[in-house]
Structure formats: C-alpha cells, structure tokens
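Hi,

Here's the structure I promised to pass on.

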Amino acid sequence: MDAKRRNSGPPRGGASQAKRGKTAGDWEDSPSIFEEELALFEEADMEAEEREGQAGHDVIPVGELFSADLNPRWRRPQAAPLNPDSDTLVFQQIDLDYYLGAAVAGMPGQSQGNVPIIRMFGVTDSGNSVCCHVHGFAPYFYIPAPNGFTSDHLSEFKRELNSAVLKDMRSNKDNMSVTVLAVDITRKESMYGYHGKRIVDFLRITMAMPRLIAPAKRLLEQGFKFGPFPIQSFSSYEANIDFEIRFMVDSDVVGCCWIELPKGKYRVREERKVSLCQYEVDVGWTQLISHPAEGEYQRIAPLRVLSFDIECAGRKGIFPEAEKDPVIQIASMVQRQGEKEPFIRTVFTLQSCCSIVGSQVLCFTKESQLLQSWAEFVRTVDADIITGYNIQNFDLPYLLNRAATLKVNLFPYLGRVQGIKSVLRDSSFQSKQMGRRENKILNMEGRVQFDLLQVLLRDYKLRSYTLNAVSFHFLQEQKEDVQHSIITDLQNGNEQTRRRLAVYCLKDAYLPLRLLQKLMCVINYMEMARVTGVPLTYLLSRGQQIKVVSQLLRQAMKQGLVMPVVKPEGGEDYTGATVIEPEKGYYSVPIATLDFSSLYPSIMMAHNLCYTTLLQKGSAEKLGLTPEDFIKTPTGDLFVKSSVRKGLLPDILEDLLSARKKAKAELKKETDPFKKQVLDGRQLALKISANSVYGFTGAQVGKLPCLEISQSVTGFGRQMIEQTKQLVESKYTIANGYQADAKVIYGDTDSVMVKLGVDTVSRAMEVGREAAEWVSSHFTPPIKLEFEKVYYPYLLINKKRYAGLYFSSSADTHDKMDCKGIETVRRDNCTLVANLINTCLQTILIDRDPQGAVAHAKEVISDLLCNRIDISQLVITKELTRTAQEYAAKQAHVELAERTQSMFWRTTFPLTPSTTWNNSSPNHCSASLSPSWERAKQRVSY
DNA sequence: AATTGGGCCTAA
DNA sequence: TGAGTTAGGCCCAATT
C-alpha cells in the first residue's frame, strides 16, 4: 500500500523544492537548471489559469484509478457545433491515407462491397481535430489502345479483363464480382520521348481497389486477348503510383494544405463515428476545395505535438528487454505548434514519486495500469504529431511489446481510428544515399510519427547522434546527468530517488521539443510537403524519388501527358562531373571562387532537357525535323528546342526556382519571425527539390530513369567548367593589360578557383565579380556564373581537399575558416585527429606560421607516445546508434595510434611550405610505441 | 614493395 | 516493394 499513500512532497515553492531534490543522493553534483526552467513554467501556468479560471493541475494523484479528466488541459478545446448546411469546414490536413470500407449512402462511387475511401486528418484554426472521409475516388491506370480499337470494344475488353483478374486471384475473401470498374478511351500522349505531339487513344482502366492495379497490369503485360483482337502485350502507364499520390494529384491536394468543405457539400457523422476526432465528416472527392499554400493559406494550424520518453529498469549490464524488464516511467510534454513552451508536462511513474514543480506526477502501483493510462492519455490529448528520440525503434516498440507481455489489451490503440490496433512491423529500407536501414514500423492512423533521431539522421551529418551530443551541438545544453547503470537503483530507492529519475525522464521528453523548434523541423517538413505535394509522412518514410514523381505527374496532367511504367534494368554508369587537376600548394595571395548557381537545374532549363523533348533514335528523321528544331548535347543525345515543345522538367524547375526567388523576396520584407521561419523553410525546400530532379533522371533503379538526360546534363557541365577556365585565363592576362596572367588552380563540377594575380581581397572581389559577369554572357540563360567568395590564404591539398579563410561579406575580415574534405570535417577519424588538424590549419592560415603548426603536431604526437593523453577521453568515432557505441569504444585505441601517425606523415606536412619535419622514416612512430600502448593494442585486438 | 579492390565518407 | 547522381581521397588488407 506504500504507493497508495498520498505523496508528501514539499509544497510548491520554486527554488526550495529544487534544492530539496538535490540532497537525496550522492549522484547529485550540480544544481539542475532544468528544474528551475520547469518551475518557471509553473509560474506562467498560474497566471494563465487565473485568466482561464481553471483549477490548478499540479495535483499528484497516487493510485490505481485514472481519469481522462484529471487535467482539463489534456482535452482539445471544445468543438463548436457544426451544421453542414450553414457552416463551411476549413482545416489543415496533416495526414492522409486510405482504407477499404463499406460505401456510405449518398456518397459518390461504387455502392457494392468494399470501396477505397480516402481519409484525411487535420486541425482547424480553433484547434479542433478533423477526420474527413473522401468518397468516390477510384484507382486507375492507362494502356495504349490497340490499333483499330473503338468504343464498341470497351465492354468486351472490360469483361475479359475483369474475368482474367478474378481468375488470377488466389482467394477472393471480399467476394468481389467486379474488379474492373470502368474502361474509357481517352486522348493522351506518352511523356517519354518527343514524337511530334502524337496524341493517341489510351484506355483508362479504373479498378475497384488499389491492390488490383498490379495484377491487372501484369496480366495485360503478359499477353492479353479479347474480342477479335489477337493476343498482345500491353505496356502500362501510371500503374505504379501510390493511391494517396494519385488522389492528391488528381484533386490538386498537396501535403499539409488547407482543405475547405463548402456548406451543403458534406455530411457530419454523429452516431456512426469511427474516429476519436472532434469532427468527423463525409464528402465526395470532387466537392472538396484544396487551397494552394499562398497568402493566408500559408499559415499552420495549432497542431498538438506530443514528445515522450520512457525509462525501463534493466538488469545490470543488459540492454532492457520488453519481455523481462518493466517500464517504470513515461514522461510526456505537449506543445502547440507555434507556441514557445509545452502546456502539458507530465510524468507517469511506477511507485511513488515526490512532486516536481512545473509538472504533473502521476504515480501507479501496477505497471499494467501505468501503461494503459498512458495510452488513454495519448488518446485524450489527441496529438497530431508524436515525437521523441528514437521512439520509432525503441520507445514505441518497447511499450508495445511490454504491453503485450503484460496483456494490457487496451494499450495498442494509439491511432485516431477506433478499433484499429497499432501493430509492430519490421521493414528494411535501402538506398545508396542512406545505406541499408532496418526500421520498426508502427501504425498510428491520423498521427504523424516524427522521430527526431530519424530527422537528424536524414538531414544532418553529425559526429554523434546521441541525444546528449545532439542537444549540446544545437542547444549548448545537455541531458540531466543520470548514468544508465543507476536507473534501476534509483527506481528501487525511495520517492526522492524516483523523483530524480523523473526529472531526467522529463528532460528527455523536453529536449526533442526544443530541438524540433530550434531546427524548425515541423515547419521545414511541412513546406517540403507543400512544395512537392506528398503527404508529410512520406518525407520520413520514403526516399527522394516520390517527391519528383509527385511534381512530374502534376505537371504532366496539365498537358495531357502520361508516365510510362519502366522495368528497372541496371546498366552502365555514366560519366559525371569534371574535377580540374589541382595545382596543389599553399597560396598566400587571394584566390577568387566563381560558381555556377544551381548548375544542373539551369542546364536542364537552358537546353530544354526533358523526357518530353528527347528525340530517340531515328525520331528526328521520322518526324522530318530540321537542325533548327533540336540540339545535340555533348554526349550526342538529341532534344527538341522549347520552340518546338517546352519540357516538363524545365517547367517544374522554373516553377521551383521562381517560387524560391519569391520566397526569398518575401523573406526579406517579412518582419514576423514566425512567418519568416515558414518562408525560409520554403525556400530551402524549393532549392533541395530543384537539385533532386537531376538525380531522379539518373536513378537507374528508379521510377523513370533517363540517362540521356542525366548524361547530357553532366556533359554540358563538363564543357562549361572547361570553357570557364579557358575564358578566364584568356581574358585576364598581362597581354590584355592586367597585372598578371590569371590561372585557374582548381575547380570541381560547378566552380573554379582563380589566382587573379591581385594582392588584396577587395581587388579579388572586384575582378571576380566582373569576370563572373563576363563569363556568364557566354552561356544561355538562366545559366549564370557568380562570384561567391575569396579564399585568402588558401591551402590546396588535393582534389576535394582544401582549406582557406573565407571572405564574402567583407573584404576586411574573414567570415570563417572553410575546410573541405579534410580530417576536420570527416567523421571517420577520432576527435584528437580532427582537433589536431584543425589547430594546425588555424596556425597555418590565421597565424601564417607553418613551423608553429609542425611544432604543435610534434607536441601532440609526443604527448600521445608518452601516455600524457587520457585515451579514454578521446573515444569518438562513429556513434550512429546506441548499439554501435561499444564497438566504437573498443576500436578507438587502435585507430588513435595508427591513424594519427600515418595521416600526419602523409597528408599534411608534405604540403606545408618550408617544413623541416623529418619525413624519411614514416615508421618511426609505430616503432617507438611504448610498451603500454602495445599492451593496450593487445587488449583490444580480437 | 608496389598494386588493386573494398569500405567509408565527403564534394559538388 | 522501393531505393537521387558521379568523382575521388585515404585507409586497410589481400595479392602479386
């Protein structure tokens, strides 16, 4: 009955409370700033509550019972009555999926059997949640109509295909009789290749369910016979489009856009609600209005973001297992998007726990009740976005497995649809960009899982991805200091030690929120969803390709073009960019850098490179085109000019880049910091999207590879960088009256580094600007060479490896020391190496003292060899996951000894001028490793 | 002792 | 079922 006793924590009182917690054990070292922060929330809350007239919420109930009304803040604001005849419903859609269900009377579409129904979840301006069932949209795809096909053949085709699909089904558990809903003749054109605007008949085949598309496509491909036509194989178009994307493209809905349901055009569900949302409505797919993200529709609804963290009582030295080790605490924080601080801060604990000012502590005697109550809490709070750190692969799976072990049957319903169980699945995701990645997947209909770790892994290259390291890196803040090994001891202590643990747990729930805010993740992802038109969830669960496909389909639809399905066949790699042979060395003169901005997108625009403009073999002759109608790219591929037909890809790129220009201009004018963030997120999304179009065409295992485009792009790029070098070196010469002969000392892909022969940074900037403008005039717009920066001095070590002081904003002071490709920016070296090289580079570039750099390096090496450096402090290599850490720790000794010295001798010093370092015996270091080093190596070699 | 291929990570 | 591209440095280990 211990935990049933009402908790007797000290009365709320800010600092005194915090101090009291500190005396509880010897792990306490410094005062916790975080606790003071929490206390500040409390004060703000009290003021808010006085205004709102609510009861205080810092009561600490202890026991077994749980009520969803424990805290009035948990529930969403009361939803005003909605009358579909007189009220328009407007909400921001944040998640979109589909399900198969019985048709709803009065809604368009099939009425027999199960039909696909699109489901949109969202939030209104007043913070009420919405579940919107969209009816009447069915999946479809195209095939070219066979020769001689007329509308008389439609019904026979349909009947034959329908029976073929039915026969093909192994089981027909839905007892379907109609698989093919409709076949229509429609005038379309394939987007692949230019064939003289040959608009031909296509059959648009509408199926009853998305999963019937693939078999229908396969049957038509394998050879299909109907009516008087001979057996033939049909290629298919747009048969590989996700149903959600299909719907969004066709209805002009983009990710996270605002949706309006006009009065009189929708129905409200009262009794037959299936969701937990406040409003649940039905609408026909053609009745909804989708607002483009412009003007007032750029805004973001007050979404509820829930961040949580769990603690488990593991056994000594063993990673917790859900089958054996209990969940002892769950901390949750809920924040409205756009607000500065979380308005719900709560921790559920197993056994009693002293109060924590600024947060609500709920104690439970039974773990199963803790779990069930937390699930109830999630459903009550009705979060739109769920975040945390590694929740996808740890916290959520652990909770689910634990709940299953304890048979907490009401736990695994975490989504917004009643009766849908949240189930764990394994998935592996593989791409060249991110390698092979094993992930757990949990369905939570209507809530977006936004695991901060996944976001960071995708968007940031960091040395370490622990929450602690990440928080320090971005927030200059760290976790509460609690070692993993003592968590179980804290739990088994008393209500004070559990309080210590709860503060730690709360902070781990709080930090992801802070990071989300600092990095503007939600805003940036929403803007990406809006720009590319895919649902928010796709951005974290899918790759780059789907974003381009979504844009391509939208653009193609406007012009009556359809996208073929191509079977992936890996072929030869094609040639990429040129890297100009570097004139390695140290330059104590200003080096100007000229860059082609958005090189690949601008090449595609300038030369009208696209699927729709590609002239395949023999096409030019067949179509009777004259040489004025098309161009030949450096790789020998032919594309028609925009005067014949403007390409889709150039159109998309122009839209993206002009939208970016607009966003940047608005950004400059905007004063509201929140709107500024949105605009900045948008311009970033637009830039990234423009740059990924090229990659999409070159993705050989992709949705629509076209190597003619990608190799032409790189071909033009190679030609351009070469031409730029020649232009600059031919104009800026002594013969032409300049101070010296200019020399391009290096260049990579889209940039050239030029030694102009001037002595000052400001002069280099002037000449650089002028040169860039002059060179630009030799290229087709929008191709543009821009002056970007001056390096002074500049150390050019090798291809893709250099460092220099970066001057851009001012000619008097450098903005930063810029390092490319060197150990300082690589994550496969220990920090000792990175720091050492960084110091050496600073000494060389800022102090201009190469001997000083050598002296420093010698000193560190000697410290190393004489064991004056504590090796255990230097262990940082790859810490990509929690489990990788052990391995990294074991490897570090060896890496430290071996990499440091070999890297030293070979890379840095031969290039520093007038170095006297003895380079004659590169094995010197390893030969003189001390016995203790040898022993250390012995210990870790296995 | 030099060469080669794989792994890793970065530049653009 | 779905995964953007190539160029290139440097370390390591195996091979000649």
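This is a predicted model: local features need pLDDT of at least 70, side-chain atom pairs count only at pLDDT 80 or more; totals for chains, interfaces and linings use all residues.

Let's begin with strand 9, which covers residues 279-284. It is mostly covered, with 6 of its 6 residues buried. In a regular strand, side chains alternate between the two faces of the sheet. Here, Tyr-279, Val-281 and Val-283 point one way, while Glu-280, Asp-282 and Gly-284 point the other way. Buried is under 20% relative accessible area, and that goes for the residues pointing either way from strand 9.

Which strands pair with strand 9? As an example, His-133 has Asp-282 of strand 9 as its bridge partner. Strand 8 (residues 266-268) pairs with strand 9 too, but in the antiparallel sense and over 3 bridges. There you'll find Tyr-266 opposite Val-283.

Next, have a look at the open sheet made of 4 strands, in the order 4-6-5-19 and with mixed pairing. Its edges are strand 4 (140-144) and strand 19 (561-562), each of which pairs on one side only. Strand 5 (residues 180-190) and strand 6 (residues 200-207) run antiparallel and are joined by 8 bridges.

Helix 4 (residues 213-222) lies across strand 4 and strand 6, and runs at about 10 degrees to strand 4.

Cheers

Terms used. Residues are numbered from 1 along each chain as its sequence is written. Chains are lettered from A and ligands numbered from 1 in the order in which they are written. Side-chain values use heavy atoms; hydrogens and water are left out. Buried means under 20% relative accessible area, exposed over 50%, partly exposed in between (1.4 Å probe, protein chains only). Helices (H or I, at least four residues) and strands (E, at least two) are DSSP runs, numbered from the N terminus. Two strands pair if DSSP finds at least two bridges between them. Contact means heavy atoms within 4.5 Å. Axes are lines fitted to C-alpha atoms, for helices over the stretch in contact, and angles run from 0 to 180 degrees between N-to-C directions.
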